[in-house]
Amino acid sequence: MSAPSDRQTPLGRQTTLLLQELIRNAAVNDGTPDSGHEIRQVRTLQAFFEGSGLEGVVVEPHPGRGNLVIRIAGTDPHAPSLVLLGHTDVVPVEPAGWERDPFGGEIVDGVLWGRGAIDMLDLTAAYAVVTREIARSGFRPRGDLVFAAVADEENGGHYGAGWLTEHLVDLIDADYVLTESGGAPTGSLPSVGVMVGEKGQAPRTLRVTGVPGHGSAPWGAQSAAVIAAEAVSRIARFRTPTVITPQWRAYADALDLGPTTAALQDPERLYEALPATGALQGFAHASTHTTISANVIQAGEKLNVIPGEATVRLDIRVLPGVDGDEVDGYIREALGDLLDHIRIEGDQFVESTVSSTDTPLFDVLRKAVRRARPQADLLPMLGAGGTDGRFYRLRGIPSYGFGVLSDRWDYGTFRTLFHGHNERVDLDSIDLTVNALDHVVREFLGTDHGVRLAR
Ligand SMILES: [Zn+2]
């Protein structure tokens with residue numbers, strides 16, 4: 001019941017076996033420094049590479065937060081290099097919501113279950129398989145091939161790609177990056193999604209001040225909890241400007257929703273058209289708006305005390321071109337007269353990043369997809385969430401979220417599995433993806449694409 005299928009290709013079978021191991025290691029990152037234990041993934045990967053002649057470097061910025069980087073040197077120092085950037089941590093689970101063991105790696109009816117099956121241990125496993133295969137086959141890439149299995153992506157990359165960028169950038173440096181979130185088929189043709197960029201981040205905290213008092217006499221009191229609750233609902237109702245980005249325009253076209261398409265591309269009519277996008281509603285809205293989500297709300301400690309202080313933490317994701325001042329303006333507008341009791345704190349800002357599709361790697365991705373789906377074109381998308389790709393894009397290095405998923409997984413389904421219950425991947429998608437990646441690496445690193453990009 002839990003063995004890879006005979007129908008799989010050799011690369012697909014290897015990926016499936018490695019993915020099962022990575023899922024069973026349960027490298028759960030709950031956001032605390034001592035969680036994650038990605039070093040277990042490093043040990044599994046080291047065992048996987050044993051005998052291939054590839055060793056790599058292990059970096060552990062905090063005990064247990066292991067990263068593994070392997071570089072296969074190219075033959076031409078001027079040829080562009082490629083990094084396969086996979087994170088090894090996963091987000092926590094709520095086991096009660098699962099139909100199967102989230103860390104069992106079971107295969108049932110051609111589907112592999114477990115936390116990380118699509119985010120993104122499947123890709124990390126595929127990257128390892130392709131890298132080992134390149135080494136074993138004696139293929140000599142022109143530019144370097146880098147395999148980077150990194151920790152802590154699910155909490156900002158502080159012990160992973162972020163740390164490595166800051167302290168050991170040469171170790172993970174490359175001219176091009178492939179990473180997560182691509183591959184979902186969209187529309188009837190279908191188009192295959194490639195994440196060419198992602199929204200930026202501008203988290204803020206609202207500090208609410210009320211007047212403490214006795215919980216037995218709430219009438220007329222100025223509870224910080226009540227003010228915070230009103231602030232949260234005003235934020236939820238507030239509408240930031242609707243912006244039709246080039247990526248959203250193309251995505252709406254690909255969705256193929258008939259007359260609704262035009263409404264989805266019209267800032268005046270977008271809200272009325274959102275329900276027609278079904279499971280994609282949240283994505284459609286996030287693709288066209290800077291979003292503000294009040295996700296952590298704290299007030300009060302003791303049952304009989306009306307709280308005098310409260311905090312509300314806002315997860316804010318910005319569209320390309322939106323800056324920190326604009327974000328603060330939105331918050332002020334949403335809160336209105338509540339600002340008498342609320343201070344906005346924080347100035348953290350990471351801009352939205354988008355890579356050009358006019359690159360030799362993007363052309364190679366298109367070719368690889370067409371080997372599996374001759375009719376398909378690539379659909380450049382802007383991710384609503386964050387990935388480690390931004391650490392490269394912020395340095396001007398093109399980064400694409402790439403994969404090839406089977407028709408079973410439209411983007412709506414795909415998204416609900418991310419961080420959701422019953423995360424799983426079908427074996428066909430594993431096969432499609434690893435074989436496409438193998439093709440991309442051989443084609444891109446085996447062909448002369450001229451010299452490296454200046455940056
Ligand atoms: Zn991920």
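Contact here means heavy atoms within 4.5 Å of one another. In this predicted model, that criterion places 19 residues of domain 1 in contact with 17 residues of domain 2.

## Domains and their interface

The assignment gives domain 1 as 10-197 + 352-446 and domain 2 as 199-345, and the centres of domain 1 and domain 2, taken over C-alpha atoms, are separated by 31 Å. Between them, domain 1 and domain 2 bury about 1500 Å², of which 65% is on carbon and sulfur atoms. On the domain 1 side, the residues that lose the most area to domain 2 are S352, L382 and A384, which together account for 36% of what that side buries. Across this interface of domain 1 and domain 2, the rule finds 0 salt bridges.

## Salt bridges

For the model as a whole, the salt-bridge count comes to 23.

| E38 | R65 | 2.7 Å |

Why do E198 and R393 count as buried? The cut-off for burial is under 20% relative accessible area, and E198 has a relative accessible area of 2%, while R393 stands at 8% relative accessibility, so each counts as buried.

D328 lies in helix α11 (residues 324-335) and R204 in strand β11, so the pair ties together parts that are 124 residues apart in sequence. D328 counts as buried because its relative accessibility is 16%, and R204 is buried as well, with a relative accessible area of 4%.

Beyond these pairs, D363, R366, R370 and D377 are linked in a network of salt bridges.

## Strand pairing around β11

Strand β11 (residues 204-209), which contains R204, is joined to strand β15 (residues 309-318) by 6 bridges, and β11 and β15 run antiparallel. Within that pairing, T209 stands opposite E309 in β15. Strand β11 is also joined to strand β16 (residues 342-345) by 4 bridges, again in an antiparallel arrangement, and here the bridge partner of R207 is R343 in β16.

## Helix α2 and its surroundings

The buried residues of helix α2 are I39, Q41, V42, T44, L45, F48 and F49. These buried residues of α2 pack against α1, β1, β2, α3 and β6 (145-150). After α2 comes G51, whose phi is positive, near 85°.

Which side chain of opposite charge is nearest to D122, and how far away is it? D122 lies in helix α3 (residues 121-137), one of the elements against which the buried residues of α2 pack. D122 is buried yet has no salt bridge, and the nearest side chain of opposite charge, R115, is 12 Å away. A salt bridge requires a nitrogen-to-oxygen separation within 4 Å. Leaving aside neighbours within four places in sequence, D122 is in contact with T15, L19, G116, A117 and V425.

D170, by contrast, lies in helix α5 (residues 169-172). D170 counts as exposed because its relative accessible area is 63%, the cut-off for exposure being over 50%.

Definitions and conventions
Residues numbered from 1 in each chain as written. Predicted model: local features only at pLDDT ≥ 70, side-chain atom pairs only at ≥ 80, totals over all residues. Heavy atoms only, no water. Helix = DSSP H or I, 4+ residues; strand = E, 2+ residues; numbered from the N terminus. Buried < 20%, exposed > 50% of the residue type's maximum accessible area, 1.4 Å probe, protein only. Lys, Arg positive; Asp, Glu negative; His and termini not counted. Pairing = 2+ DSSP bridges. Domains from an automatic or database assignment. Buried area = accessible area lost by both parts, 1.4 Å probe.
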